[in-house]
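Here's a quick briefing to read alongside the model.

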Amino acid sequence: MSAHPDPVPHPIWRSGLFVPVNVERFLSRAHERGADAIQLDLEDSIAPVDKADARGKVEAAVARLRREGSSDILVRINQPLEDAVRDLEAAVIPGVDAIMVTKAEGPDHLRLLDELVSRLEQKRGLPAGGIRFVALVEAPGPLAQAHAIARATPRLVGLSLGAEDYATAIGGEPTAEVLMLPKQQILQAATAAGLMPLGTIGTVADYSDIEAYTQVVRRAASFGFVGASAIHPAQVPALNAGFSPSAEAVDRAERIVAMDREAAAAGRGSFALDGKMIDIPIVQRAEALLARARAIAARTAARQRPGS
């Protein structure tokens, strides 16, 4: 069993912008896009003949992004295993916050990669368990193991459904209707294990209608998802806004928490607000919303400080 430190709070990854590591025009402006995370891609956006060259560009890309911006850095690796091993050799380096494990097959798959990363961390003098995992479930067989996958390793911080690959695997189209059930299964498995559920009820492939996309993001947030990937910079503002509590929601949550204190002091377990009964689950949701709002505000403030 790999040694890991105590769990750390979840990062704020409302938006993760995919950037092919070998395309200079995308890489050069990635730090300007406002994404919480930059997802350097070694998988689908890289042609098979270019993968070896792309691996060689990871270290310089990570160093450059660290100098130029404050986004967290993730690296999306390949399947099958022989490609994943080569990708990890390139990606387990200082400055990388997490590995995106594509086509997660089951808990044993994640545990094997965990062991490989642990050895590389030890060999390279990196903190044990410091590089996190985000697992992408992309086929119906692994989806049936979603709860086991979610508990496979302490490195795992987020779980997502690879919508395009999953739809292909079942012979369907990546529509909201087709994806509703598998997305909900991912959400349930992630939250049951204390992970971040990532994604929207739909696919990221259509970014031409930002207004419609914004509604998709807000709907996903109402289900409980906390962030999603972007394949185009135009999606980033919609993700950041849609996965942040609105000012109205924060104001209402603050009122609920304050009134809960007053009710508790008076010996009451519930109270009414705007004609609705407020009890413990609603108070807990309000407290969670305020905690997330504070975390987002702290991240934004850190990004705006000189040298951050």
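**The largest pocket**

The lining of the largest pocket splits into 20 nonpolar, 6 polar and 4 charged residues (Ala, Val, Leu, Ile, Met, Phe, Trp, Tyr, Cys and Pro count as nonpolar, Asp, Glu, Lys and Arg as charged, and the others, Gly among them, as polar). Keep in mind that this is a predicted model: local features need pLDDT of at least 70, side-chain atom pairs count only at pLDDT 80 or more, and totals for chains, interfaces and linings use all residues. Residues are numbered from 1 along each chain as its sequence is written, and side-chain values use heavy atoms, with hydrogens and water left out.

- α13 (280–304) is one of the elements that supply at least two lining residues, and α13 gives the largest share, 8 residues (helices are DSSP runs of H or I, at least four residues, and strands runs of E, at least two, numbered from the N terminus).

**Asn78**

- Asn78 sits in the loop between β3 (72–76) and α4 (81–91).
- Asn78 is buried, at 4% relative accessible area (buried means under 20%, with a 1.4 Å probe and protein chains only).
- Its contacts beyond four places in sequence include Lys51, Ala84 and Thr102 (contact means heavy atoms within 4.5 Å).

**Around Phe133**

- Leaving out residues up to four places away in sequence, Phe133 touches Ile99, Leu110 and Leu156, among others.

Conventions. Buried < 20%, exposed > 50% of the residue type's maximum accessible area, 1.4 Å probe, protein only.
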